[in-house]
Amino acid sequence: MKSILLILSAICLVTVFISCKKSSTSQGPPPVFSWRMDNGAEQLSDTTSFLSLFGYNYIFGKKGTTSVFVSTNSTNPGTYSTMSASAAFGLTIAGTQYSSLSGTVMIISNSNRRLMGNYSAELINGNIDTVILSGTFSNIGY
């Protein structure tokens, strides 16, 4: 129960930081964070943020009433999985929250403190609806 409260507290803190901290765009091209739900049309976030909190590195994207986050426990290139607790995902659509069942994040490069990679995950809302989420990120500064 204690770990669930810690995770929920972290998610609440992260949500607050989404609107406060945006990735730096002073050097190079702007950050790009995109996603597809159930192989639908690609969505590009209007707002992209990066936050390091409790040993995890979160990349957030928001477009309209949809918010997506991807996290890993490192910024080193490699593959991170929910199965080894080195990755996590979240999705909110119009206030409805989805949590990850499984997924992987691949950081392809980390150059000059800028991340590039891709991800895929299966998320669930309670025990009812599942969503397959996939996407890419690039030029994410930290």
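How much accessible surface does the protein have, and what share of this surface belongs to carbon and sulfur atoms? The accessible surface comes to about 7800 Å², and 57% of this surface belongs to carbon and sulfur atoms. Accessible areas come from the Shrake-Rupley method with a 1.4 Å probe, and for residues only the protein chains shown count as cover. This is a predicted model, in which local features need pLDDT of at least 70, side-chain atom pairs count only at pLDDT 80 or more, and totals for chains, interfaces and linings use all residues. Residues are numbered from 1 along each chain as its sequence is written, and side-chain values use heavy atoms, with hydrogens and water left out.

**Overall make-up**

- The protein has one helix and 10 strands; helices (H or I, at least four residues) and strands (E, at least two) are DSSP runs, numbered from the N terminus.
- Read from the N terminus, the order of elements is α-β-β-β-β-β-β-β-β-β-β.
- Of the 142 residues in the protein, 38% are buried; buried means under 20% relative accessible area, exposed over 50%, and partly exposed in between (1.4 Å probe, protein chains only).
- Among contacts (heavy atoms within 4.5 Å) with a separation of 6 or more, 49% are between residues 24 or more positions apart.

- Strand E5 covers residues 66-72, and seven of its seven residues are buried, so the strand is largely enclosed by the rest of the structure.
- In a regular strand the side chains alternate between the two faces of the sheet.
- In E5, Thr66, Val68, Val70 and Thr72 point one way, while Ser67, Phe69 and Ser71 point the other way.
- E5 pairs with strand E4 (residues 56-63) in the antiparallel sense over seven bridges; two strands pair if DSSP finds at least two bridges between them.
- Within this pairing, Tyr58 has Ser71 in E5 as its bridge partner.
- The hairpin of E4 and E5 has two residues between the strands, and Gly64 in this hairpin takes a positive phi near 60°.
- E5 is also joined by seven bridges to strand E7 (residues 87-93), and these two strands run antiparallel.
- Phe69 stands opposite Gly90 in E7.

**Nonpolar cores**

- A nonpolar core is a set of buried Ala, Val, Leu, Ile, Met, Phe, Trp, Tyr and Cys residues joined through side-chain atoms within 4.5 Å.
- The largest nonpolar core has 21 residues, and those with the most contacts inside it are Phe33, Phe89, Val105, Tyr119 and Phe137.
- Two or more residues of this core come from each of E1, E5, E7, E8, E9 and strand E10 (129-141).
- A second, separate core of five residues includes Leu51, Leu53, Tyr58 and Phe69.
- Not counting residues up to four places away in sequence, Phe89 touches residues including Phe69, Val70, Thr82, Val105 and Tyr119.

**Loop residues**

- Thr82 lies in the loop between strand E6 (78-81) and E7, and Thr82 is buried because its relative accessible area is 17%.
- Among the residues that Thr82 touches, not counting those up to four places away in sequence, are Ala87, Phe89, Ser100 and Gly103.
- Asn39 lies in the loop between strand E1 (32-37) and strand E2 (43-44), and is exposed, with a relative accessible area of 70%.
- The phi of Asn39 is near 60°, a positive value in a residue other than glycine.
- Asn112 is found in the loop between strand E8 (96-111) and strand E9 (114-125), and is exposed, with a relative accessible area of 72%.
- The phi of Asn112 is near 55°, a positive value in a residue other than glycine.
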